[in-house]
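Visitor: I'd like to learn how to read a few features here. Could you walk me through them?

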Amino acid sequence: MKHVPLGSRPRFVKISSTLLALSLGVSLLAAPTPAKPGLPQNLGNGLYNLVQGFYNPSSLKTTGAIVPDDRALAITDNRGRILVNIFMDGRVSIAQVKESMQVLGNMTVTAESDRYRAGVIEAFVPLNKIADLARTKGVNSVVMVPKPVNDVGATTSQGVVQHRVDQIPGIDGAGITVAALSDSYNTTGGPISAATDIGTGDLPGVGNPLGNTQPVVVLQDFVGGADEGRAMLQIVHDLAPKAKLCFATANLGEVTFGNFIRALADPAQACNADVIVDDIIYFDEPFFSDGIVAQAVDDVANGVSFPGKKVPYFSSAGNRPPTMAYFSDFRLVPVAGATAGTNINLAGVDPALYAGGFHDFDPGAGVDIAQNISITTSGTITFQWDDPFDATPPVLGATFLSTNGTLTTTAPTASFTFSGTAGQGVSFFTDTDTTNGNGNPDLTLTLLDPSGRQIAFADNGTNPETLFSLLPTTGTYTIVVGGFLGATGDFVLTGQEATATPRITSDFNLLFFDAAGNFMFAQADNNLANNRPIELRGVRVTGTRTIQLVIARANTPAPVPTPASKIRYVWFTSGSPQEYFSYSTPVTFGHNSANGANGVAAYSPFRPFIPEDFTSTGPVTMYFDANNNRLATPEVRLKPDVAAMDGANTTFFTADTSRDTDTFPNFFGTSAAAPHAAAIAALVLQANGGTGSVTPTQMRTVLQRSAFPHDLDPYFARASVSAAGTKITLSASADNSTTGQNDVNALRVSVTGSGSLQSLSLGAQGGNTTGGNVITGSTPGLVFDVRTTSAAAFPFTLGPLTGLTASNITASFANQAPAPSVTNQFFVLNLSITPGAFTGGKSFNFGIDRDEQRSAFSPPTGTTTNGGSADLLGAGVLIPEGTIVPGGATVTGTLTGGTPFSGVFVNRIGAGYSLLDGFGFINAQAAVNAPLPPP
């Protein structure tokens, strides 16, 4: 074990004792040296960067083609103050911390809750007060509240017909109350206001011409939103016009969000909702456990908040496809030799940031610590790992040591002994003593076992300091108070018995490099100090840029408790891995994945009636219970739960699409899908007797069982043909994004058996079976776009080959697509293989752009729509009919010797769970008429 001299502040201390992983504030690694001495380390979500930049503006990188963008993530008020969450440590009450905040001054509390961990306060705080606030007694950590994200997509829909609501006359939501949480309801000041909507019959209220005169109940609005909440309520009103509607903002932080969830459900308040829906996600909601908002959702869904009342809850699943995310086991690469095979230059990177090694992105035999990421204009990454979230300090017991002292240049440390027993938990607290005006400005704590060996060290960068440890043996221990860099002055010290609580084990950091391997900047919160297993960073670029992401670990955790072993990130706005990605990576997270919530995926309203390519995938795996205890067996939640239509016409939100015949703006994304599902839930409640007649569990089952048949293996299709003892398999894996379009591994050809493959033809005209333009008539089929001069195309490109060389394979195209398709778009891809070369056990991958064939579409000529999803190669489902349209892209060819074969691409269509759209697209008619399952 490396011994750290008393009073020193190590950049890295490798500690082998299993006890130290339980230590509170143990400095396995400090964060980068702050520009302002004494800057507290218990700041999170990039708040450290903002505070550091406030005191030292030169530390902020603000120019260049690629720069961090922390300020863009912050919520500020009109006085420039930052919205933060202040997590309690349980040593004093919330009321006492609020009193301390009043003394500090210039802070405004917006919400508080004693239902999450040891308590949390949400407040606007000026940057120059945050350091003092973080040092305040009773404060565990202070983290920036990032701006919420409204889950809006890029296409449109009409939900009443698609969900077959028009087939259930007499069921209109009467007697049911639906509440929505979003950004705002009526604050944009635009030409179309809530009053305008009431007058045209698009919202209920006094003056509604259709007799729906009960006003919308607004608990609190938010100035500065886009009135997306009003658009959501328009959708609900379309499907359930007689339902009472309510609204509350979710834009003031997660504590406010959670409090309003409970307030909307409260039978004693004005709303008293029967169904609640939202379309908000916060960047820092936990991936591996239930956070503030998720716990509020479970409270109202399970009847915890209001016994006897259980409220079905719906939330947007998210608008980030699997190609904007990453999920992996942590694969350790030791520091020595880690950059081999890459252009990564670690010069200029503080070695403390990667002292615990790197993550290997390559799941194969190779090693690669850098992943290429493409970003256009801006992107935000939220990166997390499976450690306890917002870990609370240990529970304190009897005091066994209470003293004070003075450190001087001649006596730079002070030692105190105490008797301890094996397995005993102890906690020490030291702070400056200003009684005599000679307080020590910066203290450290060191714990020595009976043999004099150091077993714990605490220095979080500023006073006060706290250290927790489990004692390994019985005997006399020593606690040593020191001053950082020889700091002198008076101090106080308290020692108490303590009960261990789950603690964070690992301190991960994100290192950003440019395409040439030059270091740009890091995101490196001190996670051991702020007790949050998350790194959050905004990145702003000029144009489209490729950056290299390196995931580093600052410390080497002890084996007990179980160290973090899962890492996961999601990009927002833009940010797509160009390597080491998967079309099945789980993306959806946060409160939409709570057990009490129904996460809602989105379906395109237009042919070919497949899920939107941006809808976020599941499932979700939880590793911790509500009290931060690691689960013996991780809990897998089948999220999202259901799917609904996006793109309903609204009066103002957001813009019209050329894909329908009217000029009303269309509301798109899972933000629009969620209120469709919530409105159908209101209809189900009414049909079964009204308020409280259907429990949340029954509601989920009814909606899932109502769903139309759907593709159970999304983004995948396969054609498998056997002839003359030889099996030829052509498989496709791709989504409808640009990533899928340009993926050289999108299609794979393999052979098993005794023969060899000589020719293969893929006929795309048989694909896209439910395709065609909804305005001008059906034109099913796919075309291959082989242009080499268009960014919208991707020519035939070989990927990895097994047992073959590129010279063995020749591609050509046939059957030119008719106008208005552009030149170099074909229905048939022909592959010729060197005779005898392609035998059993060999394979090759390739990519080629596939587009939907359309007879007419805006612009009126030369247009096809991206059809890269592998699902378009097989059969599809018509909506609202719910019928399966057979067919698929064809596969024909010959074996060496002339034996022919033929087949068709197949999708696995049926009933059940899919990671893309849950249990499928809701059929409201079937749901309303279905018998209720047992409660």
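**Strands and rings**

Guide: Let's begin with a strand pair: β19 and strand β24 (residues 475–483) run antiparallel and are joined by eight bridges. Strands are DSSP runs (E, at least two residues), numbered from the N terminus, and two of them pair if DSSP finds at least two bridges between them. Across this pairing, Ala414 stands opposite Val481 in β24. This is a predicted model, where local features need pLDDT of at least 70, side-chain atom pairs count only at pLDDT 80 or more, and totals for chains, interfaces and linings use all residues. Residues are numbered from 1 along each chain as its sequence is written, and side-chain values use heavy atoms, leaving out hydrogens and water.

Visitor: How is a pair of aromatic rings described?

Guide: By the distance of the centres and the angle of the planes. Rings of Phe, Tyr and Trp (its six-membered ring) pair if their centres lie within 6.5 Å; planes under 30 degrees apart are stacked, over 60 edge-to-face, the rest tilted. The structure holds 37 aromatic pairs. Phe287 and Phe288 have ring centres 6.3 Å apart and planes at 75°, so they are edge-to-face. Phe287 is buried at 1% relative accessible area, and Phe288 is buried at 3%.

Notes. Buried means under 20% relative accessible area, exposed over 50%, partly exposed in between (1.4 Å probe, protein chains only). Helices (H or I, at least four residues) and strands (E, at least two) are DSSP runs, numbered from the N terminus.
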